[in-house]
Amino acid sequence: MGNKEKAKERREKRLQEIRLLMTIPYSHHQRWWSKETVAVVTGGNRGIGFEICRQLAAHGLTVILTSRDASVGVESVKALQEGGLNVVYHQLDIVNDSSINQFVEWLQENYGGLDILVNNAGVNFNLGSDNSVENARKVIETNYYGIKSMTDAIIPLMKPSRVGARIVNVSSRLGRLNGRRNRISNVALREKLSDVESLSEELIDKTLSTFLQQVEDGTWTTGGWPQVYSDYSVSKLAVNAYTRLMARKLSERPEDQKIYINCYCPGWVKTALTGYAGNNTVEEGADTGVWLALLSDQTFIGKFFAERREINF
C-alpha cells in the first residue's frame, strides 16, 4: 500500500471515529451553555456555515445567522426555524465597515453581546485543477481582512464568563506553513511567520501585499507561493497567523474575561466552495468547529485543529 492509500485509510478511520462521537450527546456537566448563550456565525446561509448554525441551535443555543445576501439568509433561517430551532437573522457583509458597525450596534442593543463567534464567511474562485489568481485581491480581502475586521469589532462585545468566550476561525490545511506540500518555499519568511513571539500584523500585511504585488506584475508563479489554489491558500495562511497572534494578545486578559481563539480545517467538504467535489459531508465539516465552540474545559488558545485533533501550523 502506497503513502497516498495509507493516508486515505487513516483519514477514513478518523472520520468513522468522528461519526461515532457525533452521536454521543453532551452530558449535563459538559453543558455550560443555555438558551441565553449567543453564538454568531458569519456566512451562515449555506454549506458549512449553515450546518454550524444548525448544530449549535440543536444543542440549545441562540444562534444569529448572518450573510451578505439578505434574501438567501432569511430563507436559510426560515428553514432552521421550521425545525424548531432558535435561530435569528441579521445581514452582515464582513468586508464593509458600515455593515459590521450596524451589526455590532444591533447585537449590543438586542442581546447585550455574544459568547461565541464563528468566522466562517469566505470565498474561493478555483475548482478542480484551476489555479487562477484573477480574484486574488477579493479572496484576501474577504478571507483575511474580513475576519480581522469582524473579530476586532466583536471582541469588546464578548461576554465575560467562568468558561470564557470563544472565537473559532474556519481555515484550511492549504494554509499550513510547514506542511509537506503546498507550503511557501521562502524559508526565512516561513521562520518569521512561525515565531509567535515576533509575529505581527505588519508582517502578515507585508506578506499579503507582496503576494498581491507579484500577482499584479505577473511574477507570483516564481515567488515561492503555494501552488494549489494560491490565493486561497495564502489567505488561509494569514488567518492561521492572525489566530496565533490574537491568541498571544488575548491570553493576557483577566481570568473572568478570557477569550479562547482557535482555528480549524473542516476538510474537503461537499459544498459550493469545492464545487461539491469534497470527501466529507457538511455535518462532518462542521463538527470540529462546533466541538471547539462548546468545549466545557476549554484550555486551547491559538491552536489549529482538524477532526477534533490538534494539528501543526
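Let me start with two tyrosines: Y144 and Y242 are both buried. This is a predicted model. The two rings form an edge-to-face pair, because their planes are at 85°, with the centres 5.9 Å apart. Y144 sits in helix α5, residues 136–154, and Y242 in helix α8, so the pair ties together parts that are 98 residues apart in sequence.

F305 is buried, at 1% relative accessibility, whereas F300 is partly exposed, at 25% relative accessible area. In total there are 12 aromatic pairs in the structure. Ring pairs also join Y26, W32 and W33 into a cluster.

Now the helix that carries Y242. Helix α8 covers residues 230–250, which is 21 residues. At 1.5 Å a residue it should span 30 Å, and the end C-alpha atoms are 30 Å apart, so the two agree. How many of its residues are buried? The count is 19 of the 21, so α8 is largely enclosed by the rest of the structure.

Last, E284, in helix α9, residues 282–294. Is E284 buried or exposed? With a relative accessible area of 10%, under the 20% cut-off, E284 counts as buried. Leaving aside residues up to four places away in sequence, E284 touches L15, R19 and M22. With R19 there is a polar contact, side chain to side chain, at 2.5 Å.

Conventions: Residues numbered from 1 in each chain as written. Predicted model: local features only at pLDDT ≥ 70, side-chain atom pairs only at ≥ 80, totals over all residues. Heavy atoms only, no water. Helix = DSSP H or I, 4+ residues; strand = E, 2+ residues; numbered from the N terminus. Expected span 1.5 Å × (residues − 1). Buried < 20%, exposed > 50% of the residue type's maximum accessible area, 1.4 Å probe, protein only. Polar contact = N/O pair within 3.5 Å; in protein donor to acceptor, adjacent residues only side chain to side chain. Contact = heavy atoms within 4.5 Å. Phe/Tyr/Trp six-rings, centres within 6.5 Å; stacked < 30°, edge-to-face > 60°.
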